[in-house]
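Here is my note on the model, point by point. Please read it with the structure open.

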Amino acid sequence: MDKIKQDLMKEVADLIKQGGVVAFTGAGISVESGIPPFRGAKGLWSKYNPEEYAYIETFLRNPEKVWIMLREMYRCFSEAKPNLAHLVLAEFETKGYLEAVITQNIDSLHQKAGSKKVIELHGSGDRLVCLDCKKEYPFIEEYLKLTPYPKCERCNKPLKPAIVFFGEPLPEKALSQAFELVKSCKVLIVIGTSGVVYPAAYLPYEAKRSGAKIIEINPEESAYTNSITDYFFKEKAGEFFKNLSFFYN
Ligand code: OAD
């Protein structure tokens, strides 16, 4: 690490240690756990056109087809373990620096890493829900073996993961908690999101407007990088947190 980078890392470490930190995460934080992101050459949307697989109307019209993608997604989840970035965020919470993680992810890796306060903006894959009678079922691997798709035991309708499909509203409570958090935080760490899916993508702008410093970690520039980011680390989340650890010991 050169001197300029070292000084920058130290500045950021000192900022985090002052507390009042919130993290806003996207698919990129789980890439090093083996879960592909949505956009880009290796993204889920390059294999499965979201128009055909990710809209609620499509699920309602053809659940069998959408469950082909969902099975693949769940298989990735079941093999994935939290990586250094998830673990360090959980540790920051324990140390009292971090107030919450706001995530767009549905893979539960923040919780598996030990984070307690996790706001899930796009729901979670940890349960399935019947769109008809609203009964919920904790997700178990057995569901992936059911053809053509898992069904509600009460009404025999297709079960859908409790994740937000395009065309569905975000969970109201999670969204309002997220806005409250970013309005009052001193630092927002934005990790691995392209920042193009609204309303979640508003959060960093709201944080900035309310006076927070924006630290961003992403190997590529995002919608935020040249507009609101104060500290940009153009690298993988794992690399950033490995480097940052030198300033905590
Ligand atoms: P994207 O796939 O749009 O963006 C992932 C971001 O992670 C990109 O900016 C990558 O450059 C970055 N990235 C890749 N590898 C990384 C690494 N090792 N460390 C850090 N960053 C890395 O994913 P999201 O922004 O999360 O919504 O997508 C937002 C929403 O779009 C998702 O929640 C999902 C999707 O459609 C719904 O399904 C409702």
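1. This is a predicted model. Start with strand β4, residues 123-130. Three bridges join β4 to β5, and the two strands run antiparallel.

2. β4 and β5 belong to an open sheet of three strands, in the order β5-β4-β6. The pairing is antiparallel. β5 (136-138) and β6 (159-163) are the edge strands, and each pairs on one side only. On average, neighbouring strands are turned by 40 degrees against each other, direction ignored. In general, strands of a sheet pair through backbone hydrogen bonds.

3. Which helix packs on this sheet? Helix α5, residues 63-79, does, and it touches β4 and β6. The direction of α5 makes about 50 degrees with that of β6.

4. For R39, a polar side-chain atom lies 2.6 Å from an oxygen atom of the ligand. For H122, an N or O atom of the side chain is 2.8 Å from a ligand oxygen. A27 uses its backbone: a polar backbone atom there is 2.8 Å from an oxygen atom of the ligand.

5. How much of the ligand does the protein bury? Taken alone, the ligand exposes 800 Å², and the protein buries 91% of that.

Methods: Residues are numbered from 1 along each chain as its sequence is written. This is a predicted model: local features need pLDDT of at least 70, side-chain atom pairs count only at pLDDT 80 or more; totals for chains, interfaces and linings use all residues. Side-chain values use heavy atoms; hydrogens and water are left out. Two strands pair if DSSP finds at least two bridges between them. Helices (H or I, at least four residues) and strands (E, at least two) are DSSP runs, numbered from the N terminus. Axes are lines fitted to C-alpha atoms, for helices over the stretch in contact, and angles run from 0 to 180 degrees between N-to-C directions. Contact means heavy atoms within 4.5 Å. A polar contact is a pair of N or O atoms within 3.5 Å; within protein, one must be able to donate a hydrogen and the other to accept it, and residues adjacent in sequence count only if both atoms are side-chain atoms. Accessible areas come from the Shrake-Rupley method with a 1.4 Å probe; for residues, only the protein chains shown count as cover.
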